[in-house]
Amino acid sequence: MAQSTLTKTVLTGVIAGLVGGGVILYAQEGLEKSTTQTVRTTATKTSSISKNATATTAYNKVSDAVVSVLNFSKSGQNYEESSEGSGVIYKKSDQSAFIVTNNHVIDGAAKIQVMLHNGEKVTATLVGKDAMTDLAVLKIASDNVTTTAEFGDSSKIAVGENVLAIGSPLGSEYASSVTQGIISAKKRLVEATSENGQNYGGSTVIQTDAAINPGNSGGPLINFAGQVIGINSMKLSTSSSGTSVEGMGFAIPSDQVVDVVNKLVKDGKITRPAIGIGLVNLSEVTADDQKSTLKIPDSVTGGVVVMSLTKKGPADNAGLKKYDVIVGIDGKKVTTQADLREVLYKHKLGDTITLTYYHHSNKKTVKVKLTQKLAS
């Protein structure tokens, strides 16, 4: 197939924005209507799960740290509750306690309240939010906070492992509800959409069959050691064909959550670097196009295809060309756009990354200095 035909095929359905473009993780319908704890840059080591561990022991370890988050809009001189979600207290420092929730839970709020496990309602302050990962951090007075949750290492979870989802399904009337399920997939790629509706490819999330309902957004997904291994963010209720779906919920992995909340507490926002390329997953390109246009070896079965470059951007300056296929970043394998972004967004502006890619049949490695800021 000619290059123009490949370009047309890609542009009509699957081309992504500049890596990375801002995304909102909740593209699918289904959600929303003690002592000082240091949160590390990486999640804490996952505790060994005792053979005697039960859903009850895990729930009791975390439940007092799970809260309801109330979003109020302003109507004249009054405030009206517009939606509710969930959150989890993960840190207590000085006179404040910090809560992680979903960005879409507090989006557009004129006032935010938090209902603690004991039913007390307190005013919350927004510390920072990030639409791309659908995460936000709130701060409340720590006077009545007795428990903080601990993050586990989401890279260590296993398919089939027992998990619990805790939150306020359908609102605070059902606060601290718990449902049990298993991890259905450790890394599931789901569609992610920008605020203006532009599709930017996929985001990597944990899939679970634990029941997640409107109001569970922002609540924790925990292992049987009582550690938070994800933040519940969405539920798939219908497929693209309109088929009704059951038992497919998704959570933002704790490793990603910890990195984001630390940056939000420090700066109130997240500034991400961009490579300056438009991409499409290699899996979206037909075998004929891979052979005739990309001209890559048959042994290359995963990666991302460069479809456009920002003139004088980082990738352009490093010598990458249209139809090059990126297969690695910093020594880690790249199969999809999500793999690339996962490593890229751990870097900051000014860092230098290493990309491994194919230019036709030639495998190359190049250093790329991250001088371009991601447009928010």
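**A helix and the barrel strands**

Analyst: Let's start with V257, which, leaving aside its neighbours within four places in sequence, is in contact with V100, L135, F151, I231 and I252; contact here is heavy atoms within 4.5 Å. Bear in mind that this is a predicted model: local features need pLDDT of at least 70, side-chain atom pairs count only at pLDDT 80 or more, and totals for chains, interfaces and linings use all residues. Numbering runs from 1 along each chain as its sequence is written, and side-chain values use heavy atoms, with hydrogens and water left out.

Buried means under 20% relative accessible area, exposed over 50%, partly exposed in between (1.4 Å probe, protein chains only).

Now the helix, α4, residues 254-267. Helices (H or I, at least four residues) and strands (E, at least two) are DSSP runs, numbered from the N terminus. S254, V257, V258, D259, V260, V261 and L264 are its buried residues, and their cover includes β2, β3, β5, β6, β11 and β12. The helix lies across β2, β3, β5 and β6, at about 55° to β6. That angle is between N-to-C directions, from 0 to 180 degrees, of axes fitted to C-alpha atoms, for helices over the stretch in contact. Just past α4, G268 has a positive phi of about 80°.

What about those strands? Six of them close into an antiparallel barrel, ordered β1-β2-β3-β6-β5-β4, with a twist averaging 40° from one strand to the next. Strands pair if DSSP finds at least two bridges between them. β4 has 5 bridges to β1 and 4 to β5; F72 faces K111 on one side, while I112 faces A124 in β5. Because 4 of its 5 residues are buried, β4 is largely enclosed by the rest of the structure.

Methods: Expected span 1.5 Å × (residues − 1).
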